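Open the structure in your viewer and keep the selection panel at hand.

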Amino acid sequence: MQNDNFKSYFQLHLIVFIWGFTAILGALISLDALPLVWWRMSIAVLLIFIYMKWKKIDFTIANSTRLLMLLAGLVIAMHWFTFFKAIKVSNVSVTLACLSTGAFFTSLLEPIFYGRKVIWYEVVFGLLVVLGLYIIFQVEGDYYLGIILALTSAFLSASFSVINGKFAKEYNAATVSFYELLGGVGFLSIYLLFSEQFTQSFFQISISDLSGLFILASVCTAYAFIASVAVMKHLSPYTVMLTINLEPIYGIVLAIMIFQEKEKMNPNFYLGAAIILSTVVLNGIFKNFEKRKN
């Protein structure tokens with residue numbers, strides 16, 4: 001049992017590292033955000049379909065539930081679009097720092113979706129997040145569009161997590177992932193079709209971009225999503241949540257190592273980012289303490 005916990009904890013850190021590397025791939029792939037997301041979701045859908053056939057996982061769910069999952073796919077497609085667009089117009093560090101506000105947005109959305117009361121310390125942490133964002137805006141005002149896009153991405157991510165929380169309890173992770181990604185591809189395809197962006201050049205991708213897209217869709221999407229569900233069998237939600245908070249740290253460190261000068265920011269930027277990340281960790285600690293007390 002202890003050996004299983006160690007393996008799961010190691011695998012969880014690997015998954016979080018992979019998620020942090022997603023932003024690096026987004027910066028390295030030369031495609032614009034929209035085609036990048038369409039290709040990522042399309043390849044991931046195909047890979048998960050093959051996986052479900054191999055594992056003999058049932059695709060059958062109620063039509064009403066399938067429709068909701070397809071609609072949820074639109075939310076995650078827009079989350080990824082704004083995420084990669086933020087990287088393209090600013091950089092990895094700014095995007096990941098602002099994406100950390102997802103926990104704050106979740107604390108605002110949960111009382112609405114689940115009808116629970118607002119918790120006092122979440123309000124305090126929310127004010128600290130605003131302070132951290134204010135500091136970042138002050139020192140990195142040139143990246144205002146990237147900051148706004150990253151905050152939009154964080155809000156969409158929080159919305160998706162709250163919506164997906166209900167599906168995850170009732171259905172197989174691969175089934176949920178398949179229909180959600182399929183929905184995202186479907187909605188993006190309709191938009192691309194009517195905006196006449198499905199041109200010959202859309203499907204002409206360089207070998208380096210195609211390699212990056214395959215890694216993004218297979219390792220960073222299909223594998224990471226399914227594996228993250230598997231490790232939860234051996235680790236507590238608290239451990240998983242705290243470890244996931246390391247994603248922006250891994251991503252920012254990797255970005256500085258790979259892109260060097262492009263990613264070096266004003267010292268006050270790291271102060272603002274540290275305030276935001278600290279509130280996320282403290283929120284998890286408070287929640288764990290409250291859960292144990294109850």
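What volume does the largest cavity have? About 80 Å³. The model is predicted: local features need pLDDT of at least 70, side-chain atom pairs count only at pLDDT 80 or more, and totals for chains, interfaces and linings use all residues. Numbering runs from 1 along each chain as its sequence is written, and side-chain values use heavy atoms, without hydrogens and water.

**Stop one: the cavity**

A search of the whole structure finds one cavity of 30 Å³ or more. Here a cavity is a set of points, on a 1 Å grid over the protein atoms alone, where a 1.4 Å probe fits but cannot get out. The volume is the space filled by probe spheres set on the points, which are joined across faces, edges and corners.

Select Ala103, Phe104, Ser107, Glu122, Phe125, Gly126, Val129, Thr279, Val280 and Asn283; they line the largest cavity. Lining residues have an atom within 4 Å of a point. Colour helices H5 (102-114), H6 (120-139) and H12 (267-293), which each give two or more residues to this lining. H6 gives the largest share, four residues. By type, the lining has five nonpolar residues, four polar and one charged.

**Stop two: the surface patch**

Now select Leu67, Leu68, Leu71, Leu74, Met78, Phe187, Ile190, Leu193 and Phe194: they make a nonpolar surface patch of about 860 Å². Helices H3 (63-89) and H8 (173-194) each give two or more residues to the patch. Helices are DSSP runs (H or I, at least four residues), numbered from the N terminus. The largest share, five residues, comes from H3.

Conventions:
Patches are made of residues with over 30% relative accessible area and no salt bridge: like charges are joined within 9 Å, nonpolar side chains (Val, Leu, Ile, Met, Phe, Trp, Tyr) within 5 Å. Accessible areas come from the Shrake-Rupley method with a 1.4 Å probe; for residues, only the protein chains shown count as cover. A salt bridge is a side-chain nitrogen of Lys or Arg within 4 Å of a carboxyl oxygen of Asp or Glu. On a 1 Å grid over the protein atoms alone, a cavity is a set of points where a 1.4 Å probe fits but cannot get out, and a pocket is an open set with protein on both sides within 12 Å along at least five of seven lines; lining residues have an atom within 4 Å of a point. Ala, Val, Leu, Ile, Met, Phe, Trp, Tyr, Cys and Pro count as nonpolar, Asp, Glu, Lys and Arg as charged, and the others, Gly among them, as polar.
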